[in-house]
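Subject: Structure for you to look at

Hello,

Here is the structure I promised to pass on. Please open it alongside this note; my findings follow below.

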Amino acid sequence: MRFLIYRYNPETDAKPYMQAYDLDIDAGNMMLLDAILLIKAQDETLSVRRSCREGVCGSDAMNINGRNGLACVTPLSELKEPIELRPLPGQPVVRDLVVDLSQFYKQYRSIKPYLINGDPEPEIERLQSPEDREELDGLYECILCACCSTSCPSFWWNPDKFVGPAGLLQAYRFIADSRDQATAERLDNLEDPYRLFRCHSIMTCVDVCPKGLNPTRAIGKIKEMLLKRTV
Amino acid sequence: MVNRIVTGAHYGMRDWLVQRVTAVVMALYILFIAGFLLTHQPLHYADWSNLLQSQLVRLASLLFLLSLYLHAWVGMRDIFMDYVKPVGIRLVAEVSVILSLIAYAAWSLQILWGIQ
């Protein structure tokens, strides 16, 4: 199988280039990450991030044949050859397939991704009804792999100001949490032409999410809540 | 001045809503006009002129055009926010669009009520 992999070492290369690799393997049940590790065994200078290798840690997000995804859960047999691998788009490249996600994490941090509750700490857990708990389904599963935000043109143009689909999905996860008491502040924090309203619902985030989540719907719910308190 | 990332303008909801409401107004008007055109074939100058001389149609046309201008404003501002980074140029671009749209609105009035 033929692979074309983006190579760039900012310390030694003037420009990024695509390097071809050939593997004599049968795709079978292999995932893309297995192939990348075989390539890395051939050429140890290739830099790539990976950890859990089963779609839970989100480390090996990359652009696979023009589409963001996790290498570890992408079956090799479904990919057209030559398989082109590039780093996540729009982010500074540290080396090869490894990008600097500082901007992404900064946006995540800006939505205060933790429960805010001023009540005295209870003896036991803060309880939720099963219905309230259900509200978090489709939100809490996000692993922050950055596939969605780095496929979003609005995030490419304004990564410093637009929270991005991942951050907004997480923001709604806390707005939707019955135990959280900071809804008004959270909405204030998002009511901004850049932070929230750069989203034009083009849904590339939904298209690429390897966990099958729907950031556009979460963003819609935030807009709905803002509308509710405006009119 | 320190080059800080500044957000927190606390607006945006209204523009988002305006974009949606004006889209609905335009869709309804387009359906109405399309319906008129389909039911008046072949179209004569008299039909067209009669339609546009009715006060109700004039008001509906005005609403359509104003919706179009508001919709265009939200869309143009979105484009400037994404692609025009220097604040000064963005401001000039936005103000030019606002002024042109106001001029168009006045012109639209003159045209709609000038039809004989």
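In this predicted model, A:Ile64 stands opposite A:Leu85, a residue of strand 5 of chain A.

Strands 3 and 4 of chain A make a hairpin, with two residues between them. Look at A:Asn65 in that turn: its phi is positive, at about 50°.

How far does the predictor trust chain A? The mean pLDDT of chain A is 96, and 100% of its residues reach 70 or more. Strand 5 of chain A (residues 83-86), which holds A:Leu85, has the highest confidence in the chain, at a mean of 98. The lowest is in helix 8 of chain A (residues 215-230), where the mean is 95.

Now chain B. Which elements does chain B have? Four helices and zero strands. Along the sequence the pattern reads α-α-α-α.

Its overall dimensions deserve a look. The radius of gyration of chain B is 19 Å, whereas a compact globule of 116 residues would have one near 13 Å. The C-alpha trace of chain B spans about 65 × 25 × 20 Å along its principal axes. Buried residues account for 6% of the 116 in chain B. Take the contacts in chain B with a separation of 6 or more: 75% of them join residues 24 or more positions apart.

Last, the place where the chains touch. How many residues of chain B are in contact with chain A? There are 13, and they contact 15 residues of chain A. On the chain B side, two elements give two or more residues each: helix 1 (13-39) and helix 3 (55-83). By class, that side of chain B has eight nonpolar residues, four polar and one charged.

Then move to helices 1 and 3 of chain B, on the side that touches chain A.

Best wishes

Key
Residues are numbered from 1 along each chain as its sequence is written. Chains are lettered from A and ligands numbered from 1 in the order in which they are written. This is a predicted model: local features need pLDDT of at least 70, side-chain atom pairs count only at pLDDT 80 or more; totals for chains, interfaces and linings use all residues. pLDDT is the predictor's confidence in each residue, from 0 to 100. The radius of gyration is taken over C-alpha atoms; the globule rule is 2.2 Å times the number of residues to the power 0.38. A residue is buried if 20 or more other C-beta atoms lie within 10 Å of its own, exposed if 12 or fewer, and partly exposed in between; C-beta atoms are placed from the backbone. Two residues are in contact if their C-beta atoms, placed from the backbone, lie within 7 Å. Ala, Val, Leu, Ile, Met, Phe, Trp, Tyr, Cys and Pro count as nonpolar, Asp, Glu, Lys and Arg as charged, and the others, Gly among them, as polar. Two strands pair if DSSP finds at least two bridges between them.
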